[in-house]
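Me: Please take a close look at one part of this model and connect it with its surroundings. Define your terms as you go.

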Amino acid sequence: MLDAIAMTDRTAFGIGALVYLAAFVIGCVLLILKKPYPRALMFALLTGGFLIQTLGLNLRGADIKACPLGNIFEIAQFIAWSLVLLYFIIGPVFRLRLLGLFTAGLSTLLAGGSMLVPAWDRPYPAGIFGGNPWIELHAALAIFSYGVFAIVALVSAMFLIQQHGLKKKQFGGVYQYLPSIQQLDLIAKRLMITGVTVLTAALIFGAVFWVNNPDLVPLFKLGVTCFIWIGYLIVVVLRLQKKLVTKRHAIAAIVLFVLAIASLWPVQSARGLDEVPKNSPIPAKSSK
Amino acid sequence: MSDALQSLFVLGSSHHQAPLEVRERFALGHEEANSLQQKLFALPNIRECLIVNTCNRLEIYGLATSPEIETAIRDLLCAEHHISRQLFDQHSFWHTNLDALQHALEVSTGLDSQMVGETDILGQMKSAYANAKDAGCTSTVLNRLFEKSFQAAKAARSQTAITRGQVSIGNVAVDLASRIFGKLSNSRVLLLGSGDVAEKTAQSLKSRGVADITVSSRTFENAHKLAHELGGAAIEFSDYEQQLARFDIIICSTAAPQPILTKANLAPALKSRPERPCFLIDLAMPRDISPEAEELDNVYLYNLDDLSAIANENIEQRRAEIDKARDILKRHAWTLWLQLRRRELQARKSPPA
């Protein structure tokens with residue numbers, strides 16, 4: 001059925017990123033003009049962008065016959081997709097004002113930004129996960145947890161903006177649309193626990209594979225992933241002990257997310273070097 | 001004989017001239033203000049005098065037989081209340097005659113208030129006038145001035161829309177509390193002191209869902225009465241410090257000369273509730289909460305100036321109505337000035353036998 005669609009996966013990703021950008025720009029302009037925040041329009045645009053991005057991921061997945069998580073470009077697309085998916089769950093449940101705008105901004109950055117660097121979408125051998133569904137589940141869960149951490153970073157940024165406004169006695173403007181700091185703090189805490197749980201599950205599935213095939217997992221990738229996981233775990237433990245709360249928790253969430261995203265490039269580079277032999281008999285994937 | 005109306009004056013300091021930290025140094029207690037009024041009235045060149053003493057202004061209205069009275073009044077005020085003369089001169093104003101009349105009318109109408117258009121000031125002016133009149137410190141000129149200023153205030157309010165769109169301290173406090181806590185139904189409020197503005201703020205919070213209100217005042221009876229009105233509980237003033245950790249919103253309006261909440265006594269209370277923010281509203285003058293308290297994480301401190309600045313954010317939209325009200329008051333002031341001059345002239349033509 002996907003073959004009947006006259007669109008490449010990159011075109012779909014591009015349109016998706018443009019729709020996210022449109023949502024972000026419209027939201028910002030209306031806020032600057034002090035017009036009412038267009039919650040329904042924001043939701044509709046994000047839904048449109050999400051559906052087109054889902055199509056792009058499906059086209060790419062059909063092409064490589066696996067979950068498209070083989071290079072930095074695909075991972076960035078998947079994180080943006082997870083982020084928007086989480087917005088659809090969290091936004092209506094907690095009724096967090098402006099979360100749509102922030103989600104659109106970060107999704108544009110991830111989905112659109114990754115398209116601007118063609119080298120990030122480098123070809124890789126088909127069947128990169130060796131047909132092992134557990135490894136695919138490991139990769140999908142790990143990247144989904146990054147989506148959770150992305151939304152934690154967004155909620156934390158919203159917390160810091162609202163807190164700054166309250167401390168500096170700022171009223172009106174963006175501050176009046178942001179949710180309360182207590183609500184943002186509570187949601188950031190719950191999402192952080194969720195993210196660490198998902199990442200832990202991903203690492204457990206990955207560990208099972210690693211124990212059986214220690215030579216196939218680059219130590220650098222393992223080290224960086226464990227470093228990120230330990231970082232988040234420490235934050236959660238300190239938060240539960242009420243030693244890292246509110247502002248410091250928000251800063252930690254943002255710093256860790258930036259580190260997690262920044263670690264993708266060296267991890268992918270290391271994996272590429274280790275896993276794709278120069279004379280690999282497996283044909284490299286190509287964009288549809 | 002000098003022209004008495006040449007010496008109608010008002011000496012004062014308000015939020016226009018003095019920042020909060022200076023105003024709190026000029027603030028007088030009720031008894032201090034009464035005592036100063038009597039001492040001023042006893043000055044040889046003063047025929048009438050009246051003191052308006054609110055949280056945002058200290059103003060001395062008077063009628064003198066000599067225009068040189070200004071120095072004597074400034075000296076007396078500063079000496080009696082240990083205020084630096086230089087500081088007072090720097091942050092005060094002196095109006096005479098028609099300007100003094102116009103000022104009194106604008107104050108009564110709320111045009112000179114920190115929250116432009118507020119109505120509380122009229123009650124405070126009426127109370128100051130009644131107090132001075134009872135003490136025998138006012139006579140023909142100030143009686144007429146104040147009675148006419150109340151009429152002019154009423155006229156300006158009814159003929160313009162200066163109060164439309166006006167935001168109260170209570171509404172601002174509720175909006176800020178919502179930005180901090182979201183739903184207010186689980187927030188616990190402590191009122192320290194039982195001032196009018198604090199009571200109104202607590203009522204605004206109650207109307208937005210706050211269910212747990214506790215009142216503490218130096219006079220337990222006052223606290224109990226206010227707690228009963230608000231549907232809350234009263235605690236002894238000596239106990240509030242031990243119970244600070246229980247409260248999310250603390251509204252202070254005591255007459256304490258020094259801060260009663262400081263970084264030092266708030267820090268231990270906040271340590272036991274690190275995840276819950278604390279909203280401090282300081283409506284007292286002098287301030288009840290030390291400004292350093294704001295340095296604490298999770299503490300949001302707002303004083304009268306902060307709340308008023310927020311409440312006045314829509315002032316530009318009301319500017320036309322304010323100008324209209326000012327024009328009405330100018331006409332009233334001019335008419336009153338002519339009446340007072342005419343009376344003075346008549347009194348000169350027919351001196352008492």
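Reply:
**Domain 1 and domain 2 of chain B**

Seven residues of domain 1 of chain B are in contact with eight residues of domain 2 of chain B (contact: C-beta atoms, placed from the backbone, within 7 Å). On the domain 1 side, helix 1 (residues 20–26) of chain B gives the most, with three residues; helices (H or I, at least four residues) and strands (E, at least two) are DSSP runs, numbered from the N terminus. That side has three nonpolar, one polar and three charged residues; Ala, Val, Leu, Ile, Met, Phe, Trp, Tyr, Cys and Pro count as nonpolar, Asp, Glu, Lys and Arg as charged, and the others, Gly among them, as polar.

The model is predicted, and local features need pLDDT of at least 70, side-chain atom pairs count only at pLDDT 80 or more, and totals for chains, interfaces and linings use all residues. Residues are numbered from 1 along each chain as its sequence is written, while chains are lettered from A and ligands numbered from 1 in the order in which they are written.

Domain 1 of chain B covers 4–164 + 318–349, and domain 2 covers 169–307, with bounds from an automatic or database domain assignment. The centres of the two domains, taken over C-alpha atoms, are 32 Å apart.

Chain B also has an open sheet of six strands in the order 7-6-5-8-9-10, with parallel pairing (two strands pair if DSSP finds at least two bridges between them). Strand 7 (233–236) and strand 10 of chain B are at the edges with a single partner strand each, so one side of each has no neighbour in the sheet. From one strand to the next the twist averages 20°; axes are lines fitted to C-alpha atoms, for helices over the stretch in contact, and angles run from 0 to 180 degrees between N-to-C directions. Strand 6 (residues 212–217) of chain B is joined to strand 7 of chain B by four bridges, running parallel. Ser216(B) stands opposite Ile235(B) in strand 7 of chain B.

The loop between strand 9 (278–282) and strand 10 (299–303) of chain B holds Pro286(B). Met285(B) and Pro286(B) are joined by a cis peptide bond, with omega about 0°. That loop also holds Asn298(B), whose phi is positive, about 70°, although it is not a glycine. Most residues other than glycine have a negative phi, and most peptide bonds are trans. Asn298(B) is buried, with 20 other C-beta atoms within 10 Å; a residue is buried if 20 or more other C-beta atoms lie within 10 Å of its own, exposed if 12 or fewer, and partly exposed in between, with C-beta atoms placed from the backbone.

Not counting residues up to four places away in sequence, Leu280(B) touches Ile250(B), Leu261(B), Ile289(B), Ala293(B), Val299(B), Tyr300(B) and Leu301(B). In the largest nonpolar core, which has 188 residues, Leu280(B), Ile251(B) and Ile151(A) touch the most other members; such a core is a set of buried Ala, Val, Leu, Ile, Met, Phe, Trp, Tyr and Cys residues joined through C-beta atoms within 7 Å. Helix 5 (residues 133–167) of chain A supplies the largest share of this core, 18 residues. Both domains of chain B give residues to this core, so it lies between them.

Technical notes
Contact = placed C-beta atoms within 7 Å.
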